[in-house]
Amino acid sequence: MTDRLKGKVALVTGGGSGIGRAAALAYAREGARVVVVDLDAEGGQATVDAIGNPDSGAMFVKADVSKQADVEAMIKRTVEVYGRLDCAFNNAGIEGAVGVATSDYTEDTWDKVINVNLKGVWLCMKHELSQMLKQGGGAIVNNASVAGLVGGSFGSAYYASKHGVVGLTKAAAVEYGSSAIRVNAVCPGVIRTEMAERLLSGRQEIEDKIASLHPLGRLGTSGEVAETVIWLSSDEASFVTGQAIAVDGGYVAL
Ligand code: NAD
């Protein structure tokens, strides 16, 4: 623990797996009390258990980020138990249909992806911002993607949702700067998580192709994204807001 966030309360959505779990562990390492939010209770509780030390303070809250009542209850519970909310990492997301052309995309899948990835981030921000305004400040990090910075084929709702997250991040940063609330996004390249494993489907040739899209020649790790999230959440980034920071091994530089 290096105490960069000692005394702070941090909330992570989608904290039951992948990048969210790595961020929850990193927030705890830095001394924050952590609220792990996920739809998946087993994964979320496993993250709380992995944080381990009960003194650091960590709890699981089950919520679907696309449902307003769940999001409202998640913030209420955070404030009831820990008294405040200083940092939020709005990370929960789904990939939707992969390999499906825009003209073949179904309305159901489109709505689901937009509801979780874009509306979900907005709902979380809406309730986080209300709490942070009462306290006089805070730091929000949204998880977009390189798919929020550049286009790509066969996953149109995902690209649209992530571009939306970047736009929402910038709009909120402008609105809430004078209230001492910083809002940034991280834009990961392909990161080895359960989501990525679903895309790779165990095929080495797909992994090699994807790795070659990153000038560093490999996929990223959840920990590499988590360290950027921690920096953006900390006072070390006190003059950084409205940014969409690629953590992508050079993917968007190609
Ligand atoms: P993951 O599938 O390993 O984890 C996602 C977590 O979000 C899961 O625990 C899942 O249960 C939870 N979740 C899904 N829908 C939810 C909902 N409606 N409410 C609450 N929780 C929900 O995926 P990951 O790779 O760790 O992805 C995390 C975020 O990072 C996503 O927003 C994803 O788009 C983004 N991202 C991932 C990559 C990558 O290559 N893995 C790259 C760029 C961006």
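Start with the strands: seven of them form an open sheet, ordered E3-E2-E1-E4-E5-E6-E7, with parallel pairing. Strands (E, at least two residues) and helices (H or I, at least four) are DSSP runs, numbered from the N terminus. Two strands pair if DSSP finds at least two bridges between them. This is a predicted model, where local features need pLDDT of at least 70 and side-chain atom pairs count only at pLDDT 80 or more, while totals for chains, interfaces and linings use all residues. Residues are numbered from 1 along each chain as its sequence is written, and side-chain values use heavy atoms, with hydrogens and water left out.

Select 58-62, strand E3, and 244-247, strand E7. These are the edge strands, each pairing on one side only. Axes are lines fitted to C-alpha atoms, for helices over the stretch in contact, and angles run from 0 to 180 degrees between N-to-C directions.

**Inside the sheet.** Select E1 (residues 9-13) and E4 (residues 87-90). Three bridges join them in the parallel sense. Pick Ala 10; its bridge partner in E4 is Cys 87.

**The helices.** Go to H2, residues 41-51. Helix H2 lies across E2 (33-38) and E3, and runs at about 175° to E3. Next, select H5, residues 156-176. Helix H5 packs on the sheet and touches E5 (138-143), E6 (181-188) and E7. Its direction makes about 160° with that of E6. Contact means heavy atoms within 4.5 Å.

**The aromatic pair.** The structure holds one aromatic pair. The ring centres of Tyr 105 and Trp 110 are 6.3 Å apart and the planes stand at 90°, so the pair is edge-to-face. Rings of Phe, Tyr and Trp (its six-membered ring) pair if their centres lie within 6.5 Å; planes under 30 degrees apart count as stacked, over 60 as edge-to-face and the rest as tilted. Tyr 105 is buried, at 12% relative accessible area. Trp 110 is partly exposed, at 34%. Buried means under 20%, exposed over 50%, partly exposed in between (1.4 Å probe, protein chains only).

**Zoom out.** The chain has eight helices and seven strands. Its C-alpha atoms fill a box of roughly 45 × 35 × 35 Å along the principal axes. Of the 254 residues, 51% count as buried. Among contacts between residues at least 6 apart in sequence, 72% join residues at least 24 apart.
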